[in-house]
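The sequence and the structure are shown below.

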Amino acid sequence: MRTSGTIPTTTRLQPGRAAPIMSSPAVYQVPGPPCMTAPVDPDRPTLLTDEEITELRDRARREAGPFVNPAFVHAPRHFHNRDWAAAITGSREFSIGHWPTLYLLHIAMQTEPEPPVTRSQLAERAAAEERTRAAEAMRVLREQHTAERHRTEAEAWAAAVRGCLVKVTVRENLHARVRGGARERLRHVVPVSEAVSGRSRRHLAGRALCETPGRARPLPLADEPAGEPATCGRCLAYIAQIRPARAA
């Protein structure tokens with residue numbers, strides 16, 4: 001009885017000869033098309049092709065119409081950056097007051113929500129960050145100098161008051177001046193009662209020690225005493241010399 005199918009064959013081995021090696025059928029892979037990625041220009045502010053930009057411009061001319069959409073006008077942002085907008089409109093002299101141009105930028109932003117960052121923009125960001133760091137360093141240094149100056153002033157004022165023979169207060173000048181890079185009011189020493197210094201220099205009560213008695217317009221001083229040390233150099237120079245007028 002015969003059966004259908006493939007009849008296996010046997011290989012007769014010859015004495016002293018090795019059995020032949022049966023290799024599996026070779027598997028061939030059909031190579032696909034090479035992956036071609038267009039190089040990205042690091043200086044191009046948009047990933048849109050020239051054809052896509054032309055299509056957007058044609059669309060804007062067709063769709064803008066004669067009537068302005070207020071929602072587009074009052075949008076918080078009309079374009080990503082000026083380089084990107086110049087690439088979309090074809091000119092750096094574009095104006096968002098021109099309705100077709102505004103419409104073009106609007107639909108372009110919808111088409112490309114996140115444009116690439118160019119090398120010039122990266123450089124500008126790095127420069128801005130460097131300026132911010134430098135400004136912060138200057139601010140910290142200025143605050144340190146101001147704190148050191150305040151400590152020095154407080155120590156000098158405490159020593160001056162201990163040796164003063166006249167009761168005095170400190171009052172601010174109402175006119176501010178720039179000192180140490182910041183505007184501040186100069187603080188004057190004001191005797192409570194009339195005092196004298198040297199042979200006969202008079203210092204009127206309620207007036208700054210640096211003022212002369214015959215001054216036509218007294219310094220505009222605050223009514224309330226300041227709770228900080230005096231900063232007027234001339235007043236500080238007189239405070240060690242004054243004595244009560246009745247003892248002169």
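In this predicted model, helix α3 spans residues 82-89, and W84, A85, A86, I88 and T89 are buried within that helix. These buried residues pack against two other helices, α1 (50-63) and α4 (99-111). An α-helix has 3.6 residues a turn, so residues three or four places apart point the same way.

Both ends of α3 can be described in local detail. At its start, a side-chain oxygen of N81 comes to within 3.2 Å of the backbone nitrogen of D83. After the helix comes G90, which has a positive phi near 85°.

Helix α4 contains T101. T101 counts as buried because its relative accessible area is 14%, and the cut-off for that class is under 20%. When neighbours within four places in sequence are left aside, T101 is in contact with T89, F94 and S95.

Turning to the nonpolar cores, the largest has 22 residues, of which W157, V168, V189, L209, C235, I239 and I242 touch the most other members.

| Element | Residues |
|---|---|
| α5 | 119-162 |
| β1 | 168-179 |
| β2 | 182-191 |
| α6 | 233-239 |

With residues up to four places away in sequence not counted, I239 touches W157, A160, C164, V168, V189 and L209.

How values were computed:
Residues numbered from 1 in each chain as written. Predicted model: local features only at pLDDT ≥ 70, side-chain atom pairs only at ≥ 80, totals over all residues. Heavy atoms only, no water. Buried < 20%, exposed > 50% of the residue type's maximum accessible area, 1.4 Å probe, protein only. Helix = DSSP H or I, 4+ residues; strand = E, 2+ residues; numbered from the N terminus. Contact = heavy atoms within 4.5 Å. Polar contact = N/O pair within 3.5 Å; in protein donor to acceptor, adjacent residues only side chain to side chain. Core = buried A, V, L, I, M, F, W, Y, C linked by side-chain atoms within 4.5 Å.
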